[in-house]
Amino acid sequence: MARSMKRSPMKDQIAIVGIGSTGFSRGDRSPLSLALEASTRAIRDAGLTAADIDGVVATSEAGAASAPFLVASLGLTEVSHHSRPAPLIMFSLLDAAQAVFAGAADHVLIVTPVMMSSWNSRRAAADPWRRGARSTIRPIPEDAANANAYATWAGRYMHEFGASKDPFARIAINSRSNAAANELAAMRKPLSFDEYHAGRMIRTPLNMFDMDYPADGADAFVVTTAQRAAELPQPPVLIHAATTGVVGENTEDQLPSLKRHGQHVVVDHLKARSDLWIDDIDVFYPYDGFTIIALSWLENCGFCEMGGAERYLAEHWNEERQRIEIDGRIPVNTHGGSLSEGATRGTGHLREAVTQLRGQAGARQVEGAKVALVTPGGFFFNSQGAILRSA
Amino acid sequence: MADSIQTERDNSPDTEHKPAESDLSDAELLELFAGHGVYRDNAAQYRGRLAGQLLINRCADCDRYHQPPRPMCPSCWSFDVVPTPVSGRGTIHLLMHLHAGPPADGVDYQNEGHPVVVVELEEQDHLRVTGTIHSFGNREPSIGDAVELEYLYRGGAPIVAFRPSTYQPSQPSQPSQRSES
């Protein structure tokens with residue numbers, strides 16, 4: 001771990017006060033239309049109007065509008081902070097929180113549309129409205145970057161720890177079981193172990209159920225100071241600690257080892273700055289763009305030892321509900337995660353954590369949920385995490 | 001052991017597309033390797049392929065190799081970085097089979113799928129290159145297998161590929177020998 005001054009001046013100072021989602025599906029709306037719906041929902045949810053929003057954090061997700069374009073489209077008067085971070089929600093949340101903490105803006109809107117694209121969906125590839133995203137130059141197949149990287153390192157994980165696909169199956173099945181109660185989710189049909197193991201191979205050893213479910217949709221959030229949050233209608237959710245992390249040798253095929261990557265940096269950083277850790281949490285949202293990512297978060301957060309997920313998940317499995325319940329208490333990805341709710345780049349994980357901490361999750365509500373651990377991102381260039389708490 | 005790789009173009013299935021020598025213009029290089037991700041900082045490596053070599057950037061000051069090619073040594077910040085031929089020998093560190101992907105001549109995503117490997121080179125710990133593998137005959141390749149480079153040709157462009165190694169290390173450390181001594 002790099003030397004650190006271990007400061008955490010922003011602890012509990014910034015609150016998420018508004019959430020808005022379109023839900024996720026295979027639809028025919030533009031990313032702008034989805035982004036505007038989510039934005040207006042989130043601003044209204046926060047009890048605010050266009051006149052209050054003085055910061056906009058957009059995303060550089062393919063097809064997503066720039067912040068200035070959103071400012072104009074939402075009819076905002078003027079904003080004093082705008083940015084366009086890389087996809088994956090914690091880049092956006094941290095940017096917005098830091099802008100508020102620094103006094104650059106008071107009420108910052110985060111909006112993150114996602115869209116099925118021609119590279120992750122055959123259906124999208126056939127859609128003339130989405131072809132623009134595809135390059136005319138064909139890449140070579142011999143590539144271990146991006147999505148391919150998780151198949152290669154999943155194979156390495158199985159090799160090093162003698163793991164079977166069973167823990168991967170439990171991650172995928174858990175997501176489906178939870179998504180059944182989430183009206184925003186794209187894929188709500190239950191999944192059996194037999195169906196999982198019969199899934200079409202995409203990149204051996206990973207099959208179609210090991211990958212997030214491409215869908216269209218948008219999530220939006222409003223953040224402000226904890227002080228201001230107390231005057232607004234929703235139960236405030238405080239950002240207790242948040243970080244992103246990356247190791248020096250982070251190129252996918254050059255990562256020295258599964259024993260030290262971005263997830264470990266995030267975990268060490270959070271633990272050093274948080275008063276709360278895994279014994280204190282009520283709900284857990286490990287990113288699951290691929291099953292191997294969620295498995296790894298479980299291990300690297302310290303729920304079990306490295307390579308121990310197979311045994312651990314079998315021991316902490318609720319047979320009746322076909323889902324993970326850590327110590328019979330902590331459910332995992334109660335909204336269905338990216339595997340079943342849709343490939344939200346972690347926005348769904350954050351929105352569901354806020355919903356649970358507000359006590360507004362309906363049939364999915366975890367009784368008395370006060371602390372959430374949200375860990376978006378994979379191993380290489382987008383590992384991130386946050387501990388959220390109710391005020 | 002920094003000899004250039006002996007390519008076996010005569011045995012290549014694509015000898016009629018035997019590449020020109022590496023005095024291609026930059027534009028010709030980019031065209032030949034379209035889709036490979038050629039840019040200024042790795043162009044020398046692609047030119048090396050045309051000469052049958054596997055070039056890895058090595059720092060002339062601290063002797064460390066690094067991947068992918070960068071203009072400055074990440075270990076000591078020297079800009080005296082030299083694309084250096086390596087043996088092409090190593091072990092399979094990562095392995096997967098693609099069942100879908102970009103169309104490419106000779107690539108079959110059906111059945112067992114198209115193998116992609118990341119090979120850890122013998123020159124330095126964690127120093128790796130990504131490519132595919134030639135047939136292992138009647139056995140399956142697996143992580144830990146010793147392999148060596150043998151370029152395959154696709155549309156005239158050499159593609160990094162490995163075959164099972166026939167190389168015997170000069171300083172064997174086989175457990176059976178140790179136990180006898």
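Predicted model: local features only at pLDDT ≥ 70, side-chain atom pairs only at ≥ 80, totals over all residues.
The buried residues are A43(B), Q45(B), Y46(B), R47(B), G48(B), R49(B) and L50(B). Their cover includes α1 (26–32) as well as the strands β1 (55–59), β3 (81–85) and β9 (157–159) of chain B.

Attention now turns to the nonpolar cores. The largest comprises 67 residues, and F284(A) and I292(A) have the most contacts inside it. Helix α5 of chain A (residues 146–161) provides the largest share of this core, 8 residues. Among the residues that F284(A) touches are W297(A), L298(A), F303(A), I326(A) and L373(A). Another core, of 31 residues, lies apart from the largest one and includes I14(A), V100(A), V374(A) and A386(A).

The two chains also meet each other: 32 residues of chain B contact 25 residues of chain A. About 2,400 Å² is buried between them, with carbon and sulfur atoms giving 59% of this area. L94(B), M96(B) and I143(B) supply 22% of what chain B buries against chain A, more than any other three residues.

Polar links join the chains as well. There are 2 salt bridges between them, and one pairs the side chains of E142(A) and R154(B) at 2.7 Å, N to O. The chains also share 14 residue pairs in polar contact. On the side of chain B that touches chain A, β4(B) gives the largest share, 6 residues. That side divides into 18 nonpolar, 11 polar and 3 charged residues.

Terms used:
Residues numbered from 1 in each chain as written. Chains lettered and ligands numbered in written order. Heavy atoms only, no water. Buried < 20%, exposed > 50% of the residue type's maximum accessible area, 1.4 Å probe, protein only. Helix = DSSP H or I, 4+ residues; strand = E, 2+ residues; numbered from the N terminus. Contact = heavy atoms within 4.5 Å. Core = buried A, V, L, I, M, F, W, Y, C linked by side-chain atoms within 4.5 Å. Buried area = accessible area lost by both parts, 1.4 Å probe. Salt bridge = Lys/Arg side-chain N within 4 Å of Asp/Glu carboxyl O. Polar contact = N/O pair within 3.5 Å; in protein donor to acceptor, adjacent residues only side chain to side chain. Nonpolar A, V, L, I, M, F, W, Y, C, P; charged D, E, K, R; others polar. Lists of a residue's contacts leave out its neighbours within four places in sequence.
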